Amino acid sequence: MEASYQRFPTVRIRDLKDDFLKFELRDTDASIANALRRVIIAEVPTLAIDLVEIEANSSVLNDEFIAHRLGLIPLTSDKAMEMRYSRDCDECDGDGRCDYCSIEFTLSVKCTSEETLDVTSHDLQSSDSQVVPVDSIGHDPDIENFNQKKGILIVKLRKGQELKLRAIARKGIAKDHAKWSPAATVTFQYEPDIHINENLMETLSLEEKREWVDSSPTKVFEINPETQQVEVVDPEAYTYDDEVIKKAEAMGKPGLVEIYGKEDSFIFTVESTGAIKAAQMFLNAIEILRSKLDAVKLNFGSDEADEQFGDLGAHMRGGF
């Protein structure tokens with residue numbers, strides 16, 4: 001029987017804002033890091049407009065364009081994890097029109113002036129104060145300058161034109177459609193481990209050192225003005241482009257610097273669309289990943305798993 005071991009990944013937060021999160025993930029491997037990235041991007045649920053019933057539309061855009069633009073407006077989705085998928089809702093038999101699985105929006109705008117009227121996400125009226133367009137958070141229509149704050153543009157109307165509709169927002173994941181994606185960007189990189197050969201570096205003149213430092217497209221190195229030594233100032237700025245390595249070889253100094261990616265340490269950056277705060281999006285992804293692993297463990301204990309996975313299923317349960 002092969003020896004096995006269990007890792008205990010650790011996370012250290014570096015930067016935390018409502019729409020941005022940067023953290024270190026250590027003591028694990030690339031498979032877990034990439035699984036986490038994919039779950040954040042494609043499987044954390046949010047709310048988005050999924051059904052549009054248009055009563056009146058005399059704008060220049062046809063109904064399909066309007067519906068598509070409405071679907072791409074990010075909605076605050078803090079309660080998405082608690083809601084049901086419309087296909088699984090037994091309250092409305094999958095119709096997707098009940099308080100357990102949907103939120104209703106209405107929009108009714110008519111242009112009566114000579115000036116062009118912008119119809120924006122501010123004009124959407126929600127049946128739930130917790131689910132509103134992201135750019136409408138904290139906006140009060142009674143405030144005098146509310147209309148001066150630009151929302152997400154849906155369509156422009158000229159005098160006499162009208163748009164009146166009803167829309168239903170439902171829970172979904174980006175694996176089904178990009179409009180449900182909670183993330184604008186999720187990236188990770190190996191944490192660089194940079195070692196400068198000090199003996200070789202001392203054989204370079206000050207001008208050659210400057211030339212070598214400048215060969216890096218990003219500011220990873222700099223020359224200390226007092227000691228004239230080349231120092232690593234920002235290792236994470238290194239983009240694995242190998243430019244400094246090629247420059248050292250061109251200068252006849254191979255081995256001047258050695259750069260490796262730590263295979264068990266990753267730096268993540270997560271940017272939210274605003275539908276869910278970046279930190280909550282990360283926690284939701286962890287919960288979803290955990291539930292997936294629990295499902296795998298349960299399946300490995302079944303007769304169907306023995307047929308499908310054979311000896312591997314027995315091994316997972318501690319067999320030989």
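User: Is Phe268 buried or exposed?
Analyst: This is a predicted model, where local features need pLDDT of at least 70, side-chain atom pairs count only at pLDDT 80 or more, and totals for chains, interfaces and linings use all residues. Residues are numbered from 1 along each chain as its sequence is written, and side-chain values use heavy atoms, with hydrogens and water left out. Buried means under 20% relative accessible area, exposed over 50%, and partly exposed in between (1.4 Å probe, protein chains only). Phe268 has a relative accessible area of 0%, so call Phe268 buried.

User: And what does Phe188 count as?
Analyst: Its relative accessibility comes out at 24%. That makes Phe188 partly exposed.

User: How many aromatic pairs turn up in the whole structure?
Analyst: Rings of Phe, Tyr and Trp (its six-membered ring) pair if their centres lie within 6.5 Å; planes under 30 degrees apart are stacked, over 60 edge-to-face, the rest tilted. Searching the whole structure on that basis, the number of aromatic pairs is seven.

User: What kind of pair do Phe23 and Phe282 make?
Analyst: Both Phe23 and Phe282 are buried. Their ring centres are 4.6 Å apart with the planes at 40°, so this pair is tilted.

User: What about Phe188 and Phe268, which kind of pair is that?
Analyst: Here the centres sit 5.2 Å apart and the planes are at 25°. So the pair is stacked.
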